[in-house]
Amino acid sequence: MTHTIGVLGSGSWGTALAVHLARSGHDVRLWARDPALAAHMATARVNESYLPGIALPPLLLPTHVLETALDGAAFV
């Protein structure tokens, strides 16, 4: 069973958790308070600041909009 999951915080721990959940098949929204970081993660598909070298899976959506990260989330 897959879920929509919001992860609040895009530091090393939050990014690693989001990557793991997305690799497990869940729809994950990773919230970053910094809009520039969220935009960079969305285009580069990596969080070079906190987890360099780890690709963000396609099911992981970086966002700086809290409402987007929480919308429809079964778990946060």
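Because the model is predicted, local features need pLDDT of at least 70 and side-chain atom pairs count only at pLDDT 80 or more, while totals for chains, interfaces and linings use all residues. Residues are numbered from 1 along each chain as its sequence is written, and side-chain values use heavy atoms, with hydrogens and water left out. The secondary structure comes to 3 helices and 5 strands, where helices (H or I, at least four residues) and strands (E, at least two) are DSSP runs numbered from the N terminus.

**Overall fold**

- Followed along the sequence, the elements of the chain are arranged in the pattern β-α-β-α-β-β-β-α.
- The radius of gyration of the chain is 11 Å, which agrees with the value near 11 Å for a compact globule of 76 residues; this radius is taken over C-alpha atoms, and the globule rule is 2.2 Å times the number of residues to the power 0.38.
- Taken along the principal axes, the box filled by the C-alpha atoms has dimensions of roughly 30 × 25 × 20 Å.
- Contact means heavy atoms within 4.5 Å, and among contacts between residues at least 6 apart in sequence, 57% join residues at least 24 apart.
- Of the 76 residues, 37% count as buried, a class that means under 20% relative accessible area, with exposed over 50% and partly exposed in between (1.4 Å probe, protein chains only).

**Nonpolar core**

- A nonpolar core is a set of buried Ala, Val, Leu, Ile, Met, Phe, Trp, Tyr and Cys residues joined through side-chain atoms within 4.5 Å; the largest one here has 14 residues, of which Val 7, Ala 18, Val 28, Leu 30, Met 41 and Leu 60 touch the most other members.
- At least two residues of this core come from each of β1 (4-8), α1 (12-23), β2 (27-31) and α2 (35-44), and α1 gives the most, with 4 residues.
- Val 28 touches Ile 5, Val 7, Ala 18, Leu 21, Ala 22, Leu 59, Leu 60 and Leu 61, when residues up to four places away in sequence are not counted.
- Leu 60, in strand β5 (residues 60-63), is buried because its relative accessible area is 2%.
- Not counting residues up to four places away in sequence, Leu 60 touches Ala 18, Val 19, Ala 22, Val 28, Leu 30 and Arg 45, whereas its C-alpha atom is separated by 17 Å from that of Ala 36, 24 residues apart along the chain.

- A search of the whole structure finds 1 salt bridge, defined as a side-chain nitrogen of Lys or Arg within 4 Å of a carboxyl oxygen of Asp or Glu.
- This pairing joins the side chains of Arg 29 and Asp 27, at 3.6 Å from N to O.
- Arg 29 lies in strand β2 and counts as buried because its relative accessibility is 15%, while Asp 27 counts as partly exposed at 29%.
- With neighbours within four places in sequence left aside, Arg 29 is in contact with Thr 4, Ile 5, Gly 6, Val 7, Leu 61, Thr 68, Ala 69, Asp 71 and Gly 72.

**Loop residues**

- Ala 32 sits in the loop between β2 and α2 and is buried, with a relative accessible area of 1%.
- Apart from neighbours within four places in sequence, Ala 32 is in contact with Ser 10, Leu 37, Ala 38, Met 41, Thr 63 and His 64.
- The C-alpha atoms of Ala 32 and Val 65 are 8.0 Å apart in space, although these residues are 33 apart in sequence.
- Arg 45, in the loop between α2 and β3 (46-47), is partly exposed at 25% relative accessibility.
- The phi of Arg 45 is near 60°, a positive value in a residue other than glycine; most residues other than glycine have a negative phi.

**Surface**

- The chain exposes about 4,300 Å², of which carbon and sulfur atoms supply 60%; accessible areas come from the Shrake-Rupley method with a 1.4 Å probe, and for residues only the protein chains shown count as cover.
- Leu 8, Leu 66, Leu 70 and Val 76 make a nonpolar surface patch of about 350 Å².
- Patches are made of residues with over 30% relative accessible area and no salt bridge, with like charges joined within 9 Å and nonpolar side chains (Val, Leu, Ile, Met, Phe, Trp, Tyr) within 5 Å.
- Leu 70 lies in helix α3 (residues 66-70) and counts as partly exposed because its relative accessibility is 36%.
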